[in-house]
Amino acid sequence: MYQSTDFGIAGAWLAEYLLSSLDAGVVVCDRDGRIVQWNAAAARLVGMSEEQLAGRRFADGSWGARRLDGSRLTARDNPVRAVFDTGERSAAEVIGVSRLEGTRGWVSVTALPVFGPDRAVRAALASIVDVTARVDLQRTNVETMMWARTTFEHSLSAHLVFDRDGRVRDWNRSLLRLVDCSDVELIDAHLADVCDLDLDWVWSELDGDRQAIEGRTLVARGGEQVPVFGFMTLA
């Protein structure tokens, strides 16, 4: 980054401006992991007053700091401690904190070493960025996928997924009951092993103007052909 007096931008002012623009919080932690300096955004992002933030550690139990997998941050296992242990920048880590109003917020924390004259790490500078909306969206997507999978798996209708080559890729419990076979028997099976359909015709219809095709066909069950009504669409 270059600095020019033509614009009257000093380094400290520019840094403060950038942090404000990014809505980032910044804290400085001493070797004990205690927060000794901070900006107002840091306190706001973790849902505390500046007085409450002072002297706190990331691993303090009262903060309830946890990772996405639910594990709790400890005094020996957190981004700030990693800086003092390695002398290197810690990778951005998403941490959930219990805010005072009773909600859980999610922040991305990245810590950098601050070196003293003797080149020893004397402090850690941590940036804090709110990622609550992103985490909530990801969790909503996961929950939606889980709901869709559960609906597929336990539907009373038989479902079968196959690729362009006709290879069977997925199925549900009702399909297994319909064709009277096991999961193992369907692994790498072909559509022709399950039902009587012209694969070329199926794709020509679905690749055309039709969004779905339906009609009667036959499925193989044991040594007999069972008539069924089928409905097919692109997945």
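Q: Which residues of helix H9 (residues 199-206) are buried?
A: In this predicted model, the buried residues of H9 are Leu199, Val202, Trp203 and Leu206.

Q: How do you know that the buried residues of H9 line one face of the helix?
A: Looking down the axis of H9, you find its buried residues within an arc of 90 degrees, so they line one face.

Q: What covers the buried residues of H9?
A: The cover includes strand S6 (160-162), helix H8 (191-194), strand S8 (212-221) and strand S9 (224-233).

Q: What makes aspartate 198 a cap for the N-terminal end of H9?
A: A side-chain oxygen of aspartate 198 lies 3.1 Å from the backbone nitrogen of aspartate 200.

Q: Why is aspartate 163 called buried?
A: Its relative accessible area is 18%. Aspartate 163 sits in the loop between S6 and strand S7 (168-171).

Q: Which residues is aspartate 163 in contact with, leaving aside its neighbours within four places in sequence?
A: Those residues are Arg169 and Trp203. Trp203 is also one of the buried residues of H9. With arginine 169, the side chain of aspartate 163 makes a polar contact of 2.8 Å.

Q: Why is leucine 125 called partly exposed?
A: Leucine 125 has 32% relative accessibility. Buried would need under 20% and exposed over 50%, so a value of 32% falls in between. You will find leucine 125 in strand S5 (residues 121-130), and together with Leu112 and Val114 it makes a nonpolar surface patch of about 190 Å².

Q: Why does aspartate 180 count as exposed?
A: The relative accessibility of aspartate 180 is 59%. The cut-off for exposed is over 50%, so aspartate 180 qualifies. Aspartate 180 lies in the loop between helix H6 (173-179) and helix H7 (183-186).

Q: What is the phi of aspartate 180, and what is that of aspartate 188?
A: For aspartate 180, phi is near 55 degrees, a positive value in a residue other than glycine. Aspartate 188, which is not a glycine either, has a positive phi of about 65 degrees. Aspartate 188 is placed in the loop between H7 and H8.

How values were computed: Residues numbered from 1 in each chain as written. Predicted model: local features only at pLDDT ≥ 70, side-chain atom pairs only at ≥ 80, totals over all residues. Heavy atoms only, no water. Buried < 20%, exposed > 50% of the residue type's maximum accessible area, 1.4 Å probe, protein only. Helix = DSSP H or I, 4+ residues; strand = E, 2+ residues; numbered from the N terminus. Arc of directions from axis to C-beta. Contact = heavy atoms within 4.5 Å. Polar contact = N/O pair within 3.5 Å; in protein donor to acceptor, adjacent residues only side chain to side chain. Patch = residues over 30% accessible without salt bridge, like charges linked within 9 Å, V, L, I, M, F, W, Y side chains within 5 Å. Areas by Shrake-Rupley, 256 points an atom, 1.4 Å probe, with all protein chains shown as cover. Salt bridge = Lys/Arg side-chain N within 4 Å of Asp/Glu carboxyl O.
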